[in-house]
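Reader: I have the sequence and the model before me. Please take me through the structure by question and answer.

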Amino acid sequence: MGIENKNIRVRFAPSPTGYLHIGGARTALFNWLYARHYGGTFILRIEDTDRARSTPEAVNAILDGMKWLGLDWDEGPEKDGEYGPYFQTERLDLYKKFIDRLLESGEAYYCFCSAEELAERRKKKLAEGRPSIYDRKCLNLSDNEKKQLIKEGKKPAIRLKMPDRQIVVDDLIKGIMEFDSKLLSDFVIIKSDGIPTYNFAAVVDDILMKVSLVMRGDDHISNTPKQIVIYQALGIPLPEFAHIPMIMGPDNTRLSKRHGATSVIEYQKMGFLPEAVVNYIAHLGWSSGTNQEIFTIKELVESFALEKISHHSAIFNMEKLNWFNNEHLKRLSDEKYVEMLIPFLIEARYIELPLSEKKEKWLRKVVSLMKSRARNFKQFLEYGDYFFTDDFIIEEEAAKILEQTGVKDILEQLINKLKEIDKWDEENIECKVREMAHQLNLKGKQIIHPARVSLSGKTVGPSLFALMEVLGKERNIKRLEKIISKLSKNSEYTFPKPDNGKRVN
RNA sequence: GGCGCAAUCGAAUAGUGGUUAAUUCAGCUGGCUCUCAAUCAGCAAACGGGGGUUCAAUUCCCCCUUGCGCCA
């Protein structure tokens, strides 16, 4: 760490067809950790050759996701280095040079077969129970034949001529994998519209960008032998390869929208800390080999090692992410917590900027009470709404407590007691409430429970006395009075049901 | 269908040719407490199956099964 190593160059190469999802983020993270650990270079390359599905919005979404996670790139969009451009659609001329080389050496050839023809021949082969390998119909076309076909207006694709030998992939994670080139077929490297295919563009870019290690999801394993053949046809030494296991949904299928939030930006919106998300996804398919789970980014950089990456896919678990977030949240100072929380409070219209010093101090108190309870900022707003608005909902379970006999009297007495308090702090409030319980021969909780519900609408939350202190004397009395006015003499008033009394985690 | 990858508690991971197979999340029980969270103490819970190799296999090899991925 810290020592610059110019030979180590890795890249993250997403297609801008959507937001940055959890799986992509983890691939980016591992590459980034590797680069930072060894003092290498982390490149971000946008593979936008699929023009129909690539959008500038998606590019921005990916950049935003990366930035939020703190995965800064050394070369790439907005940060041009000497190996740019970093958008594939801006690199078409570069691919052409390599294609010409392959065409000249006979390692690649033009193919005029139409999609329809190919589909038909493929169907036939499959019916015969044979693998669908390109039949090399166009391999030996004469120059005249080619000219004729071009004259007819046919646009050729370019195929790579597969050599007849075993292809060995020596993977840093999976070990040695062998593939039979006969089964690989002469695949297309340039489509008839002149756009390079994924495998070709990626290889040329990796060559030109001097990528030393290709680390990507193991869904790319079957692309690797094809890419290796391209390197070999070009006579260029191979980079190293490392294929990392994928992240699956709880039903062990590929993570997708029906599993809930898959975009990293959604986690930002839900009020997760980027360092918690990073910490969690780092542990999906990797471990330090120790019992330590909570890592700062810096610690992750220090501990990261390819050898500790597991070989099998991992299932994304929201509960554990929540736990990681809660742990990181607890480690935040109250000041920092407030700072991070403010945007969420503004969005909920609970506060407005600028903040007075008094208000900020008050916020810190609220935070100190809620810190261990909320697992993310959205949950903070949900569990702690009553700190910020008088217009909170009384949950169904909570309303039942108010319906118990005698509650009205108790709350009336409580107001009188509270009015007697001069110095409004937790200690004095507790003292008064206990005193009242003693005088009326009640248990503490007989006062505390209905009071909590009246003041917060909930049955759960921080210590009542702390809560009362933070809320302030006036607001306490106002809220209690409001509840009393709704209660009939014997407390049989039924509270309106909340729209949604259930908490959603 | 072809090719490939994988397999330890419900989940994520440790781990070893001989271990009481460990930790964290989730679950459960209890302590603390005005409730919840936090915290503390404890419980439960796994080596997919079959063959080898070996004195000994969860660990090494092969097959099967299952899951996943890519291509079609």
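**The RNA surface and the pockets**

Reader: Which helix gives the most to the surface near RNA strand B?
Author: The greatest contribution to the surface near RNA strand B is 4 residues, given by helix 11. Here a residue is near if one of its heavy atoms lies within 4 Å of the strand, and helices (H or I, at least four residues) and strands (E, at least two) are DSSP runs numbered from the N terminus. The name asked for is therefore helix 11.

Reader: What is left out of the side-chain values?
Author: This is a predicted model, in which local features need pLDDT of at least 70, side-chain atom pairs count only at pLDDT 80 or more, and totals for chains, interfaces and linings use all residues. Residues are numbered from 1 along each chain as its sequence is written, chains are lettered from A and ligands numbered from 1 in the order in which they are written, and side-chain values use heavy atoms, leaving out hydrogens and water.

Reader: How many residues surround RNA strand B?
Author: The closest residues are R122, G285, S372, R373 and S463. By type, the surface divides into 16 nonpolar residues, 18 polar and 14 charged; Ala, Val, Leu, Ile, Met, Phe, Trp, Tyr, Cys and Pro count as nonpolar, Asp, Glu, Lys and Arg as charged, and the others, Gly among them, as polar. The number of residues surrounding RNA strand B is 48.

Reader: How far is a polar side-chain atom of R254 from a phosphate oxygen of RNA strand B?
Author: Of the atoms of RNA strand B within 4 Å of the protein, 79% belong to sugar or phosphate. A side-chain N or O atom of H312 is 3.4 Å from a phosphate oxygen of RNA strand B. For R254, the corresponding distance to a phosphate oxygen is 2.7 Å.

Reader: What is the volume of space in the largest pocket?
Author: On a 1 Å grid over the protein atoms alone, a pocket is an open set of points where a 1.4 Å probe fits, with protein on both sides within 12 Å along at least five of seven lines, and lining residues have an atom within 4 Å of a point. Its volume is the space filled by probe spheres set on the points, which are joined across faces, edges and corners. The space in the largest pocket is about 1100 Å³.

Reader: Which helix supplies the largest share of the lining of the second largest pocket?
Author: The second largest pocket holds about 340 Å³ of space. Its lining has 6 nonpolar residues, no polar and 6 charged, with W362 and E469 among the residues that line it. The largest share, 5 residues, comes from helix 13.

Reader: Is D205 buried or exposed?
Author: D205 lies in helix 6 (residues 198-208). A polar contact (N or O atoms within 3.5 Å, one able to donate a hydrogen and the other to accept it; residues adjacent in sequence count only through side-chain atoms) of 2.6 Å joins its side chain to that of R91. Buried means under 20% relative accessible area, exposed over 50% and partly exposed in between, with a 1.4 Å probe and protein chains only. Because its relative accessible area is 0%, D205 is buried.

Reader: Which peptide bond is cis?
Author: Most residues other than glycine have a negative phi, and most peptide bonds are trans. P354 lies in the loop between helix 12 (334-347) and helix 13. With omega near 0 degrees, the cis bond runs from L353 to P354.
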